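Q: I am new to this structure and would like a close look at one part of it. Please keep the explanation plain.

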Amino acid sequence: MSVEATIRVQAADFDAAQEEALLTQGRRDVGAIVAFTGLCRDDDGALAALELEHYPGMAEEEIGQVARDALARWPLTGLTVIHRHGLIRPGERIVLVVAAARHRGEAFAAAEFMIDYLKTRAPFWKKERRVDGTDGGWVAAKDADDAAAARWENK
C-alpha cells in the first residue's frame with residue numbers, strides 16, 4: 001500500500017492527539033506512533049513571541065520532499081507534518097511530526113529525520129519579539145542543527 005504524507009502549514013494551532021488518531025483510524029497494522037511537538041520557548045523571560053514567516057507553496061513543497069524522502073527510507077504506515085507560521089508565544093506549539101509504522105525503530109528514525117531536516121531545509125524564518133516591545137532580530141541557524149541533519153546524508 002502506498003503511503004502519502006499529510007503536510008500542512010498553517011497559522012492555527014493543532015491537536016497532536018487528533019492527528020495521531022487520524023493515522024490509526026481503522027488500521028490494525030500500526031505498531032508504533034512517534035510524535036514530536038516543538039514548542040516556542042523563552043529561556044530568559046525576555047521573549048514575547050516568535051514571528052514565523054515562510055514562502056507559501058515553497059514551504060509545503062520542501063516539507064513534502066523531505067517527507068517523501070522519509071517514506072522512501074522507512075516502511076511507514078503514515079506520516080503527518082504540521083508547521084505553524086505567524087505570531088507564536090512562549091509555550092505554544094510550533095511544529096508537529098507524527099510517524100506511524102509497524103515497528104518503533106522505523107517510527108523513531110523517521111520522526112527524528114523529519115525534525116532534523118525541518119530545522120535546516122524548510123523555508124521558515126523566525127524573528128524575535130521582546131517583552132519590552134523591541135525587535136529581537138532574526139534567529140540565526142545553529143551549527144548543531146546542521147550537524148544533526150548531516151548525519152542522515154550517508155545513511
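Which side chain does aspartate 135 meet in a salt bridge at 3.8 Å, N to O?

A: This is a predicted model, and the distances below are computed from it. The side chain that aspartate 135 meets at 3.8 Å, N to O, is that of arginine 129. A salt bridge here requires a side-chain nitrogen of Lys or Arg within 4 Å of a carboxyl oxygen of Asp or Glu, so the pair counts because 3.8 Å falls within that limit. Side chains of opposite charge can pair when their charged atoms come close.

Aspartate 135 also forms a salt bridge with lysine 127, where the closest N and O atoms are 3.1 Å apart.

Lysine 127, with a relative accessible area of 16%, is buried, because the cut-off for buried is under 20%. Through shared partners, salt bridges join Glu51, Lys127, Arg129 and Asp135 into one network.

Glutamate 61 forms a salt bridge with arginine 68, and their closest N and O atoms are 2.9 Å apart. Glutamate 61 is partly exposed, its relative accessible area being 47%. Arginine 68 is also partly exposed, at 41%. In the protein as a whole, the count comes to eleven salt bridges.

Along the sequence they follow the pattern β-α-β-β-α-β-β-β-α-β-β-α. The radius of gyration is 16 Å, close to the 15 Å that the globule rule gives for 155 residues, so the protein is as compact as a globular protein of that length. Its C-alpha trace spans about 50 × 35 × 30 Å along the principal axes.

Two further values describe how the chain packs. Of the contacts with a separation of 6 or more, 77% are between residues 24 or more positions apart. As for the surface, the protein exposes about 8,600 Å², of which carbon and sulfur atoms supply 48%.

Technical notes: Residues numbered from 1 in each chain as written. Predicted model: local features only at pLDDT ≥ 70, side-chain atom pairs only at ≥ 80, totals over all residues. Heavy atoms only, no water. Helix = DSSP H or I, 4+ residues; strand = E, 2+ residues; numbered from the N terminus. Rg over C-alpha atoms; globule rule 2.2 N^0.38 Å. Contact = heavy atoms within 4.5 Å. Areas by Shrake-Rupley, 256 points an atom, 1.4 Å probe, with all protein chains shown as cover. Buried < 20%, exposed > 50% of the residue type's maximum accessible area, 1.4 Å probe, protein only.
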